[in-house]
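Please read the following note beside the sequence and the model.

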Amino acid sequence: MDPAQQYTAPTADVRAAVADLMAAGVPGDGAQPLVAYHLAPGSPFGVIARNTELAVFAGDFHETQATLSHEYAPYEDISGFFVVIDTTTGMPAGSSRYVDGGVGLNPTLCDLENIGTLPEVTREMRGLLEANPRAWDLTTMEVHRKYRGHHDSYRTTGMLARMFVLAAETYDVPGLSLVASERAYQAQIRAGFPQRLLSNEVLVYPDGIELKVTWVDIRHAHPIMLDHLGKLRANAAKDPAVAQALPVLTPYIRGIATGAGYDQYLDMTPR
């Protein structure tokens, strides 16, 4: 199926693709319903991730099949995905797209150059990509609405983030370029994700969406995130809000940094 058609594939087609994906093996011991897979560029299972992108972005940003297929057309052949599957429903809970396009086809750099309002950030991003030619662009990360606002939301995003940490080890990915909303950026800060904001100025897209431009030092996620968790624990006695959040943040941060509670449910084999 052509990538442009995958965004609006019928639910039956998505469910069939998930069933075929799981038929090759379901990671884990069955104790947790959420499992995750790596879909390589050109994967026949890409319909699972693209359909998830449209389902989420249509509600959050009023995107359509036409706008998404136009935006990602230059990158479809070099787009891979991580997808989280709910084994109880046989449907995706969330997904994340990465683009392995080097300097020439990096979505963040292309957006910076096309919009042209942040020349210093553009130069810095180009320099980072030239110095790290194996870097990926973390292009999207989305969670279906029914999984938001509770434990499943943290587990879904945590599993997706953990797969990027594993990619740094497995595929020698030194860093990630990324544009993020204020909400997503603050969530990453709370988790201690090893990101660096390239400017306090936001990148304003033609449709008015404002995103922060960051670089993620994914190779050093383990020590940076565990150090962040240690600081949170130290502050918990003085900050009731931190103390209240720790029971949720602790397994989330440890899971991303070390794989505890996550890795056995992740299949990094490219499908």
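1. How much space lies in the second largest pocket? About 160 Å³ lies there. A pocket is an open set of points on a 1 Å grid over the protein atoms alone, where a 1.4 Å probe fits, with protein on both sides within 12 Å along at least five of seven lines. The volume is the space filled by probe spheres set on the points.

2. This is a predicted model: local features need pLDDT of at least 70, side-chain atom pairs count only at pLDDT 80 or more, and totals for chains, interfaces and linings use all residues. Residues are numbered from 1 along each chain as its sequence is written, and side-chain values use heavy atoms, without hydrogens and water.

3. The second largest pocket has 14 lining residues (an atom within 4 Å of a point). Pro3, Gln6, Gly42, Ser43 and Arg50 lie nearest its centre.

4. The largest nonpolar core has 59 residues. Such a core is a set of buried (under 20% relative accessible area, 1.4 Å probe, protein chains only) Ala, Val, Leu, Ile, Met, Phe, Trp, Tyr and Cys residues joined through side-chain atoms within 4.5 Å. Ile48, Phe82 and Val83 have the most contacts inside this core.

5. Phe82 touches (heavy atoms within 4.5 Å) residues including Trp136, Leu160 and Met268, not counting those up to four places away in sequence.

6. Thr139 is buried, with a relative accessible area of 18%. Leaving out residues up to four places away in sequence, Thr139 touches Tyr72, Arg97, Tyr98, Val99 and Pro107.

Notes
Buried < 20%, exposed > 50% of the residue type's maximum accessible area, 1.4 Å probe, protein only.
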